[in-house]
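Here is a short report on a single fold.

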Amino acid sequence: QKPQQMQQPQNEQGEQTPLAYRYYLIVGSYRLSSSVQNKLRQLKNMEADAVAIPLKNGLTMVSAVGFNSLEDAKSAMSDVKDIAPDAWIYSRARGLHK
């Protein structure tokens, strides 16, 4: 079951929006905005609902998709293994994002 439209702290147009899901499948963290944009573009070309989540430490995480269920997030990790073997799950409850 694919989520409808993911919201995140910053969408492609740079507009601030709230985190909509409890868990996010993270495929990379970057300091440079050009690296973030490249990864977002790559994921969107693969029809992922990719989003950027800025962190308080200056890095920006790139998420391929968001979920409200931890089990759903874990099962989706196998879907991104080829493009992101080091993918991990970020819980919004950790509060590391801006």
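## Hairpin and sheet

Strands β2 and β3 make a hairpin with five residues between them, and G58 in the turn has a positive phi of about 100°. The model is predicted: local features need pLDDT of at least 70, side-chain atom pairs count only at pLDDT 80 or more, and totals for chains, interfaces and linings use all residues. Residues are numbered from 1 along each chain as its sequence is written, and side-chain values use heavy atoms, with hydrogens and water left out.

Helices (H or I, at least four residues) and strands (E, at least two) are DSSP runs, numbered from the N terminus. Two strands pair if DSSP finds at least two bridges between them.

The open sheet has four strands in the order β2-β3-β1-β4, with antiparallel pairing. β2 (51-54) and β4 (88-91) are the edge strands, each pairing on one side only. From one strand to the next, the twist averages 50°. Axes are lines fitted to C-alpha atoms, for helices over the stretch in contact, and angles run from 0 to 180 degrees between N-to-C directions.

β3 covers residues 60-67 and pairs with β2 in the antiparallel sense over four bridges. Within that pairing, I53 stands opposite M61, and A52 stands opposite V62. β1 and β3 are also antiparallel, over seven bridges. Here Y30 faces T60 as its opposite residue in β3.

## Strand β3 and T60

How many residues of β3 are buried? Eight of the eight are, so the strand is largely enclosed by the rest of the structure. Buried means under 20% relative accessible area, exposed over 50%, and partly exposed in between (1.4 Å probe, protein chains only).

T60 belongs to β3. Its relative accessibility is 14%, so T60 counts as buried. Leaving out residues up to four places away in sequence, T60 touches G28, S29, Y30, V36, A52, I53, P54 and L55. Contact means heavy atoms within 4.5 Å.

## Helix α1

Helix α1 (residues 33-45) lies across β1 (23-30), β2 and β3. The helix runs at about 25° to β3. The expected span of a helix is 1.5 Å times one less than its number of residues. For the 13 residues of α1 that gives 18 Å, and the end C-alpha atoms are 18 Å apart, which agrees.

Which residues of α1 are buried? They are V36, K39, L40 and L43. Seen down the axis of α1, these buried residues fall within an arc of 100°, so they line one face of the helix. The arc is that of the directions from the helix axis to the C-beta atoms. An α-helix has 3.6 residues a turn, so residues three or four places apart point the same way. The cover over the buried residues of α1 includes β1, β2 and β3. After α1 comes E47, with a positive phi near 65°.

## Aromatic pairs

Rings of Phe, Tyr and Trp (its six-membered ring) pair if their centres lie within 6.5 Å; planes under 30 degrees apart count as stacked, over 60 as edge-to-face and the rest as tilted. The count comes to two aromatic pairs.

| Pair | Centre to centre | Angle between planes | Class |
|---|---|---|---|
| Y21 and Y24 | 6.2 Å | 75° | edge-to-face |
| W88 and Y90 | 6.3 Å | 90° | edge-to-face |

Y21 is buried, at 11% relative accessible area, and Y24 is buried at 0%. W88 counts as partly exposed at 32% relative accessibility, whereas Y90 counts as buried at 0%.
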